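Hello,

Here is the structure I promised to pass on. Please have a look at it first, and then read my notes below.

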Amino acid sequence: MRELEQRWTRAPYRSYLYSYPHKTAYRDLQPAVSLKELWEQDQTDYHFLYMHIPFCGARCGFCNLFTLPDRRLDVHEQYVDALGRQAEQWAPWFQNRTFSRFAIGGGTPTLLEAGQLNRLFDIAELTMGLDPSAASISVETSPETVTADRMKVLKDRLVDRVSMGIQSFVEEEAAAIYRPQKPRLAEDALEMLMGYAFPLVNLDLIYGLPGQTAATWLYSLEKAISYGPGEIFIYPLYTRENTILKPEQIRNAGTDIRLELYHIARQRLEEAGYKQFSMRRFAKDTTFTHKSILPFSCQEEGMAGLGCGARSYTREVHYASKYGVSAAATRSIIENYVASERYDMADYGFRLNEAEQKRRFILKALLHREGLELAAYEGRFGHDALVEHSDLEELLSTRLAELESGVMRLTTLGMAYSDAIGDEFISGAVRELMDSCVIR
């Protein structure tokens, strides 16, 4: 039994599977896929409209996302123009579908001026057919871009959730991850943001930062809690060879205390009335009475991603623009996107066969509090998940998961090892692609 436990717990921080398969497993699609045919054939029940704004004020030391530090207004305007052209070409495929979720992410979407930000909502509503009174709407922001005119746009456009990346309220820790953010700036931005009374405000914090201790981590947690956000995400610090902060810098800094800091945070957040919904997400009970939101699934299928760097998910094909991290690669990909006239073919992505669809289904359910409903798996695939995936039985036998009323959920212990459990479920074929990906 000890040997079995070691498989799952020997290294808690392996990879963050916010989607499966990861974009580093995407490759050229040959032949390219007609998006009209793809979406016409897709049988997804729920639809999620996403817009990606790849610009930010500065690149943080831990970031390996598709973002580019660029504050030029004319560049932003040309980008939104291109996004509008893309939406016009995609809109006919979604005429008879409804979006239950809409999110604008990045990057920092609120780096755009208020007028450009407003245009994104016009594109969503007037071109793509989003009904803002029936969809959950989320926007990401950053402390330096919280201004009255931008917040008014979000409020007027019925945004439900505003998510702000703080990472740390300790100046030295923010500086260590190349985040030009003074604590006073973050606190002023938070005070302004909370004053708009959005239905849900989320704050992001990171643990495992260079120089961080249990005491300074608790300080940031207490600061965040004191503003009363409905949701707090806590992220373990990950560094990669393509991030500004390198893995060897973190290793040389001393003992890895991320697991200790995670347990401190879980306990403190639960004491403060937050429920755990995943390894990263803690939230208070929030009832949206201002809207009657359409149902959606945590499986996040049927996601239409507009903008360069956005991913789109159908049941059988995931696709996106090419992936880059360096400034030169990202700028080049964005320039090609802006110069394009047509956006109706997918030439880069991943085709999910049934085996990969099953793994994705399990991961998207098991790593969240909702858990894996065995009847839903059998209804979708016609087989018993426990019979098909011996790893699930192993999680039960090691008490990293439990089965109750037909739903398999990670235990408190298992939730702490989500990044190891998710990593173990990556198929050999996907891992081979991820490992061989050359990131520019």
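Which residue of β6 does Ala-103 stand opposite? Ala-103 stands opposite Ser-138. Before I go on, a word on the source: this is a predicted model, in which local features need pLDDT of at least 70, side-chain atom pairs count only at pLDDT 80 or more, and totals for chains, interfaces and linings use all residues. Residues are numbered from 1 along each chain as its sequence is written, and side-chain values use heavy atoms, with hydrogens and water left out.

**Around β5**

Helices (H or I, at least four residues) and strands (E, at least two) are DSSP runs, numbered from the N terminus. Strand β5 spans residues 101-106, and five of its six residues are buried (under 20% relative accessible area, with exposed over 50% and partly exposed in between; 1.4 Å probe, protein chains only). Strands count as paired if DSSP finds at least two bridges between them. β5 runs parallel to β2 (residues 48-53), joined by six bridges, and Ile-53 stands opposite Gly-106 there. Four bridges link β5 to β6 (residues 136-141), again in parallel.

β5, helix α4 (residues 114-127) and β6 also make a right-handed β-α-β unit; right-handed means that, with the strands pointing away from the viewer, the path from the first strand over the helix to the second runs clockwise.

**α3 against α4**

Helix α3 (residues 73-90) packs on α4 at an angle of about 5°, with the axes 10 Å apart. Axes are lines fitted to C-alpha atoms, for helices over the stretch in contact, and angles run from 0 to 180 degrees between N-to-C directions. The two helices are therefore roughly parallel (under 35 degrees; over 145 is roughly antiparallel, 65 to 115 roughly perpendicular and the rest oblique). Among the residues that meet are Val-80, Leu-83 and Ala-87 in α3, and Leu-120 and Ile-123 in α4.

**Ala-186**

Ala-186 sits in helix α7 (residues 183-195) and is buried, with a relative accessible area of 0%. Beyond its neighbours within four places in sequence, Ala-186 is in contact (heavy atoms within 4.5 Å) with Pro-143, Ile-166, Phe-169 and Gln-181. Pro-143 is 43 residues away in sequence, yet the C-alpha atoms are 5.2 Å apart.

**A three-stranded sheet**

Lastly, there is an open antiparallel sheet in the order β16-β18-β17. Its edge strands are β16 (372-373) and β17 (401-404). Four bridges join β17 to β18 (residues 407-410), with Leu-403 partnering Met-408.

Best wishes
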